[in-house]
Amino acid sequence: MLEQMGKQAREASVVLGTAGIEEKNAVLKEAAKFLVNNQEYILAENAKDVENAKNNGMTEALIDRLALNSDRIEGMAEGLMQVAELDDPIGAVEHMNKTPNGMLIGKKVVPLGVVGIIYESRPNVTADAFALCFKTGNACLLRGGSDAINSNLAITNVIQSALESCHMPKYSIQLLTDTSRETATKMMQLNEYLDVLIPRGGAGLIQSVVKNSTVPVIETGTGNCHVYVDEFAQKDMAVDIIINAKTQRLGTCNTCESLVLHKNIVESHGPAIVNALLEKGVEVRGDEAVCALNENVIPAQEEDWGTEYLDAIISIKTVDTFEEAVAHINHYNTGHSEAIITDSYQNAQAFLDQIDAAAVYVNASTRFTDGFEFGFGAEIGISTQKIHARGPMGLWALTTTKFIIYGNGQIRK
């Protein structure tokens with residue numbers, strides 16, 4: 001079954017690789033309409049997944065990642081429309097050089113081929129993955145989690161219907177309905193058909209793919225994201241950014257999980273920050289200086305500094321110097337998104353230079369690390385590695401290049 005799906009995806013990718021920009025954009029726009037027009041079907045299937053999640057004791061934050069509503073379906077459709085409006089990277093020639101013997105050698109942007117994605121919980125990934133893969137001429141083979149199987153299958157069915165209505169290969173997108181670990185492992189070793197594999201989910205899933213895959217992997221990391229409140233930070237700005245970064249949506253990888261406070265602002269800024277978090281229902285775990293600010297703060301343990309909670313919990317660490325803050329963040333972060341709040345130009349620039357992460361912010365929430373927010377229309381994932389792609393992965397991350405050479409009879413001597 002899996003090999004048959006791989007073969008169908010490979011055949012579809014041949015067609016997609018030569019499809020024109022107008023043809024691809026028309027399909028994306030049609031798929032967006034199909035999602036909106038079939039939202040009752042999608043929401044009914046999603047309701048089954050949400051009910052199962054509640055019965056299985058899933059946390060509210062993770063249920064929020066799983067749940068769909070009309071606005072979120074509209075958002076998925078808007079993502080497809082935005083991708084349709086983006087320039088198509090396929091076919092672009094990056095440069096063309098003339099050699100001494102008269103040949104012209106250039107680099108042309110081409111699709112990867114067949115992209116495999118293994119992901120958890122979030123049904124919107126199904127639509128995002130299709131949009132970016134299709135725009136770049138790639139077929140996609142998807143394996144979502146068992147907790148979202150009904151939602152993912154409904155979205156896939158709707159998109160396949162849109163493809164067929166536009167006379168494009170139905171198998172440009174396929175979803176594995178067998179969500180067992182055994183099938184996932186087989187997918188990780190489908191070298192004959194998959195050109196790349198992208199995991200999206202928790203640390204356990206990502207490490208399993210990295211460890212077991214024989215297909216090249218683009219690693220999307222977990223998000224132990226920090227906000228550092230510098231000694232030159234504005235208090236109101238700090239509170240606003242921290243509350244947004246932590247509570248705007250708890251279950252995402254760009255949510256702030258850890259705060260770092262300079263000792264000089266602990267007494268002036270700390271109470272307002274801690275109180276605002278507690279009022280939002282966030283459990284605060286802090287070191288001794290933070291515990292002294294409020295009796296409701298829980299003493300932090302060593303493991304708290306490196307934990308991605310994906311829940312209404314945050315850790316707060318105090319530091320004596322800017323350099324200590326940078327060292328602490330670089331030690332415990334996951335290479336995702338880090339922010340500084342400061343009015344110091346010097347410290348802002350030093351933070352940008354010294355922090356090792358895919359996205360580094362000055363005076364803004366980490367919640368902006370997202371393909372949609374970055375203007376990519378959608379994202380295939382957020383890479384925390386440094387090769388082939390880093391940060392939110394849009395269209396260019398799903399391409400590669402090939403050399404094209406023009407001659408007029410040259411032979412090598």
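Is Arg285 buried, exposed or partly exposed, and what is its relative accessible area? Arg285 is partly exposed, at 21%, where buried means under 20% relative accessible area, exposed over 50% and partly exposed in between (1.4 Å probe, protein chains only).

1. Basis. This is a predicted model, in which local features need pLDDT of at least 70 and side-chain atom pairs count only at pLDDT 80 or more, while totals for chains, interfaces and linings use all residues. Residues are numbered from 1 along each chain as its sequence is written, and side-chain values use heavy atoms, with hydrogens and water left out.

2. Salt bridges. The structure holds 11 salt bridges, each a side-chain nitrogen of Lys or Arg within 4 Å of a carboxyl oxygen of Asp or Glu. Arg285 pairs in this way with Glu283, with 2.6 Å between the closest N and O atoms. Glu283 is partly exposed at 28%.

3. A link across the sequence. Asp64 and Arg249 form a salt bridge, their closest N and O atoms being 2.9 Å apart. Asp64 lies in helix α4 (residues 60–66) and Arg249 in the loop between α10 and β8, so the bridge ties together parts that are 185 residues apart in sequence. Helices (H or I, at least four residues) and strands (E, at least two) are DSSP runs, numbered from the N terminus. Asp64 is partly exposed at 27%, whereas Arg249 counts as buried at 19%.

4. Glu257 lies in strand β8, so the pair ties together parts that are 11 residues apart in sequence. Lys246 is buried at 0%, and Glu257 is buried at 0%.

5. Aromatic rings. Tyr228 and Phe351 form a stacked pair, 6.4 Å centre to centre with 20 degrees between the planes. Rings of Phe, Tyr and Trp (its six-membered ring) pair if their centres lie within 6.5 Å; planes under 30 degrees apart count as stacked, over 60 as edge-to-face and the rest as tilted. Tyr228 is in strand β7 and Phe351 in helix α14 (residues 345–354), 123 residues apart.
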